[in-house]
Amino acid sequence: MTSLILAAVTAVIVHSQVKDYIASRYADFVMQRTALRGAFAIREGAMRISVKQEEFAWESRQKPDPALMAELVRGNGRLVLQRNSSFPPVLILADISPRQPVEHYAPYLRMADDISYHAGAYSQALMSTGYFFSPDRHFIGMGPVPNDPATLAMGKDGATGLLQRVAADLGELSTPADISRLLDADTPWWLPPAPDPMTAGTSIRLVQGAASEGTLFAVFVASYPTKLLTPLLAGKGRHEASLIVDPRNNLLLGEAPADTQADVLRISDALAAAAPATLIYRDGYFVVSDSISRAGWKIVHAFSWRTILADLWPRLLSYVGAMLLAIGFVWGVLLFIDRKVFRPGFARSQRITESENLNRTMVTTAPFGLALLSVSSGEVLLQNAAMRGYAQDARRSDPPLHMRLLALFGGSTQSLGTQSEREFELALEDGSSCDLLVSGVRTKYQGADVLLCNFKDITLRKKTQHELEQARQAADDANQAKSAFLATMSHEIRTPLNTILGNLELLERTPLSDAQLQQLHTVTSSSSSLLGIINDILDFSKVESGQMSIEAISFDLGALGQQVTAFFAPIARSKGLGLELSIDDALRPAYVGDPMRIRQIIYNLVSNAIKFTTHGDVLLEIYLQDEAQAGSPIIIGVSDTGIGMTPEQQAGLFQTFSQADSSIARRYGGTGLGLALCRRLAQLMGGSISVHSKVDAGSTFIVTLPLRLSTDAPADVDAPMTWAPHDAAVRTAFRVLVADDHPANRQLIHLQLQTLGYVSDEVEDGNSALALFAEKRYDMVLTDLNMPGMDGYTLARCLREQGIRVPIIAITAHASEQEHRRCREAGIDEVLTKPILLAALERSIAQRLIGSATPPYEGPPRNDITRGPLPAAVHDALLHSLDDSLASIRASLAMAATSGAAAGTERHLTDIGGHLHSIRGAFSLIHEAEVATLCMRMEKQARNGDVESLTSDLNALHTLGREALQRRRSVSLSVGTSCGPEASNAP
C-alpha cells in the first residue's frame, strides 16, 4: 500500500510537471501571437494614416511643378528624387505619350516629391520599402531604393513594364470587387511572401488604395521583409513548429521539419472549426492557433510528446529515482517492524480472535433471537441467524429492528446485570406481524456499555389471546343485537296493542251484558299484562344496549312510596292481604335521582310480593342505611309472607327470563324478566339488590341506592290525576295555531283538533305563523320542525325572544336525542312523534292548556285516520300534495343531473330532501309505514348526493304512494257522498 501511495504521489508530481510545461508553452504561444499582432497592427495603422494623408492632400496637388515636370520630360519619363541626402532616393517612372502628356502626371509627381521627404524615415522606422502607382499603371513611384546603378537602372521598359514584374499578383485592378477591396481600410490586403526587387530579399506586402470622392486615384504597396517575423516564429525543440497560414490554411511563414510541418498543417486544417486560442490534442500533437491580422492570417503553434520529454526528461528521471529510493526505504522499515512487532502481535490477536469466534458461534447457533447492541452508537456488535432473519423480514419503512430493540431498553436506568422483559410487535414486509417477548440486560463489552437482547416469538400465544377476545366481543355483539331486536319488536308490538287497549276502553263505555262485560274485563286484563311485559322487555333491551339514560332530578322519595302503596292497595284487599308502608322519620324531604326508574323497581317488587303471597301481609319499607351519616344510602325493602325460595332458586333469581322453578310461570304467570330489570336499573343508579328468603316463610328484597340530598324543591312525580270537568265550551275557548309545510298534514291535524273540540288555524311555514300570531291571540302552537324558509326551531326561538310564553309542541316524524336537545334549546315544551293518536294529542294539549289531564273525550265515535278509509278532505289533500311533491322532485333531479357546479347540485338535493320529508310526515300520520320508510331512505340518499339511487326509487315512491291512497279511499268517494262517521267504518 505504501508503495502504491509513493507511486501515486510520483505520478501526481509528473503529471503536474507536464501540465505546467504545457501551460508554459501555451504562454509562449500567447506572447508570439501578441508580438505578431502588434507588428501587423503597427504596419496596418501606418498604411491607413499615410493613405488618409494622401487623400486629404490630393486636391491641392492638381497644379503641376514646372521644374519637376521639365526634369521628368528630360529624363524621358524617368526621374530620381533625393530631397534629403541622409536617406536613399525615390525612383519615378511615367509613360509619357501624346495621349498622356506630362501634365497628366502632375498630381502624382507632386505626391512623389512630398513622399520623398519622409520616405527614408518611414522605411527606416518600419524596415520597409514601398511604391505607389496610378490605377492605369502608367505612373509608379518607388522608394527608398538602394543608391546603386543596378537598382536605379530598373524600369528601362517604363512604368507599365516595371509594374508587371513587381506587382504581377495584384492583377489589373479593373473590377469593382478589386477596387472595393483596395478601399476597405478595415480589412487590410496582405500579399503572401515574394521576392522584393528593391532589396533582393523575400517580403510580404500590404496593399491599400486611395480615393477622392469615391474614385480610386492611387494604389500604395508597403513591402516588409520576412526576416522581421522569422525570429518570432523560432521553435525551441524538435517536433515543434510555429507557422503563419492564410484563411485557407496555406503556409505563409515558418520553418519546421518537413514531416512535422505537414502533420501540423493537416491537423490545423482538420481543426479549423475549433474555438480560437484553444489548446487541442490530436494525433500526438498539442495544437493551438489564433488570428494575428484582420486579413485572416493566423499563427499555428504545435508541439508533441517528444518535445515535452526532450525538455523534461532530466527532471522526470530525478522524480522517479527519488520514488524508488523512498519505496526501498519504506520496505526495509516495514520488514523490520513486521519481524519485531507485527508477527508477535498477530499471534496474540489470533488467539483472541479464536476465542471471540467461539463466542460468536455460540451466539449464532442459539435457537432464539440474540443480539449485542452498543448503547452509545446503536451498532449491532453481535447477532445470530434468528435475529438477522427477523431483521430482514421486518417492514422496510420502519426503523431497523436493532434500533427499535435499543429504544425499548437503551434509555433505561436499570443497573448492570438487571434483566427486564417487554412485549414487542414487529410489522413484517409481507403485511403480517409477529409478537416478540424481548428480554434485555445491560452489561459491559470491550469497555463500553452494551445491551444484550434475546427474544422469542409469542405470536401463537398472542393469537390465541386475540381469538379469545374476539369470541368475547362476538358474544357482546350478539347480546347487543339481541337487545336491539327486542327493542325493535317491542316497539312494533306496542303500536297495535295500544290501539287494542284504546278500542277496548271505548267498548267498555257502551251498553253490555254482564257476560259480555266479564269477557271484556278478561281481555282488558290480559292486554294490560301483555303491555306490561312488552314495556319490561323494551326497558331491559335499552339497558343492555346502553341506551337507557338515568335522570337526576329532585323528588320526594316518601311521596313516591305512598303513590305505589295507594296503587296496589285495592289489589291487595281483593286477595285478603295487608299492605303496609313504613317510612323512616330521618328520611330527607328531597333527593336527587330518577323517580320513574325507582318507582319501576318498587312496582315490580311489590307486584311480585302480592302475586306470590296467598295469606298474611306485604310490607314496603324506606329508610336510611345509617342514620348517623347525612349522605347515607337509601334502603328500600319489600317483605312478604309468601311461598319463599330455596337457596338454589335464589342463586338464579336475577338472571334474565329466570324463575324459581318451571311451575312458577304456569301457576302465577310472568316472564322472569322483572327482577333482572330491577337489578340492572339499580346497578345503573350505582346501587344493588339482594334477597333473603326461606321456603314457606316468605321473602325480603333489599335495594340499596346511593341517592344524594337535594336543596331544591321536589318535583311532582306523577301525582294522582285530578280530573276536572271540561265541557265543549271550555275547549272551544282555546285557539291553537298549527304550522306545517305539508297540506295533508295540516288537514289531518285540523280534523284531530276539531274532533277534540279545539279551534285552530293552519299555516304552511314559520313566517306565516309569526305574521298570524301578530294579528290574533293563540293559546298554543303546534309546529313541524322541518319546514322551508323558517323551520320550527327558528319559529320557537322568535316567539320566545318576543316574550311569548304560550306552550309550543313540536310534531315530527323522527325524534332523536339530538332533536330533543335542539327543541329544548329553542324553547319547545314537548315533542310528539308521528303518528299521533287522539288520546296522546288530547293529553298533551290538556296538560299544557288546562293545567291537568283531561278525561277521555266523551263525544260521538271519532274517525280513526290511522286505519281504514280516509275522510274525503284528507284523502284529496294527500293526493294533491303527493303529486305536487313528486313533480317538484323530478324537476329538481333533472336540474341536479345537468348542473355543473357542486353548489347548484347541493341546493337541488336539499330541495328534494325537503319534499321527501313532507311526504314522510304525511304518510306517517296515517300509519302508512312502507311509504314513510321509503321516504326516509331517499332522504339519506339526497344527503349523500346519490342522484342515481334517488332516480331509481322515485318511481317506487310514486307507485307505493298512489296504491296506499287508493287502498285508503273512502267508499263514499266512489259514490259521490260525504265522508261521515259511518264511512270511516267501511272496509
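Modeller: A search of the whole structure turns up 21 salt bridges. Each is a side-chain nitrogen of Lys or Arg within 4 Å of a carboxyl oxygen of Asp or Glu. This is a predicted model: local features need pLDDT of at least 70, side-chain atom pairs count only at pLDDT 80 or more, and totals for chains, interfaces and linings use all residues. Numbering starts from 1 along each chain as its sequence is written, and side-chain values use heavy atoms, leaving out hydrogens and water.

Start at R25. This arginine forms a salt bridge with D28, with the closest N and O atoms 3.4 Å apart. Both residues sit in helix α1, 3 residues apart, about one turn of the helix. Helices (H or I, at least four residues) and strands (E, at least two) are DSSP runs, numbered from the N terminus. R25 has 3% relative accessibility, so it counts as buried. D28 is partly exposed, because its relative accessible area is 21%. The cut-offs are under 20% for buried, over 50% for exposed and in between for partly exposed, with a 1.4 Å probe and protein chains only.

E240 is buried, because its relative accessible area is 4%.

Helix α1 holds another such residue, R33. The side chains of D290 and R33 meet in a salt bridge, at 2.8 Å from N to O. Again the pair links distant parts of the chain, with D290 in strand β11 (residues 285-291) and R33 in helix α1, 257 residues apart. D290 has 9% relative accessibility and so counts as buried. R33 is buried too, with a relative accessible area of 13%. As for shared partners, salt bridges join R25, D28 and E240 into one network.

Helix α1 covers residues 2-57 and also contains V9. V9 is partly exposed, at 43% relative accessible area. M1, L4, I5, V9 and I13 form a nonpolar patch on the surface, with about 520 Å² of accessible area together. Such a patch takes residues with over 30% relative accessible area and no salt bridge, and joins nonpolar side chains (Val, Leu, Ile, Met, Phe, Trp, Tyr) within 5 Å, or like charges within 9 Å. Areas come from the Shrake-Rupley method with a 1.4 Å probe; for residues, only the protein chains shown count as cover.

Now helix α27 (residues 947-967) and helix α26 (residues 929-943). Their axes come within 10 Å and cross at roughly 160 degrees. Axes are lines fitted to C-alpha atoms, for helices over the stretch in contact, with angles from 0 to 180 degrees between N-to-C directions. α26 and α27 are therefore roughly antiparallel to each other, a label for angles over 145 degrees. α26 passes α27 in a left-handed crossing, meaning the near helix is turned anticlockwise from the far one by less than a right angle.

Helix α24 (residues 872-898) also meets α27. The axes of this pair come within 11 Å and cross at roughly 165 degrees. α24 and α27 are therefore roughly antiparallel. The crossing of α24 past α27 is left-handed.

Last, C434 in strand β16 (residues 433-445). C434 counts as buried, at 5% relative accessibility. The C-alpha atoms of C434 and F424 are separated by 8.5 Å, and the two residues are 10 residues apart along the chain.

Note on methods: Parallel < 35°, antiparallel > 145°, perpendicular 65-115°, else oblique.
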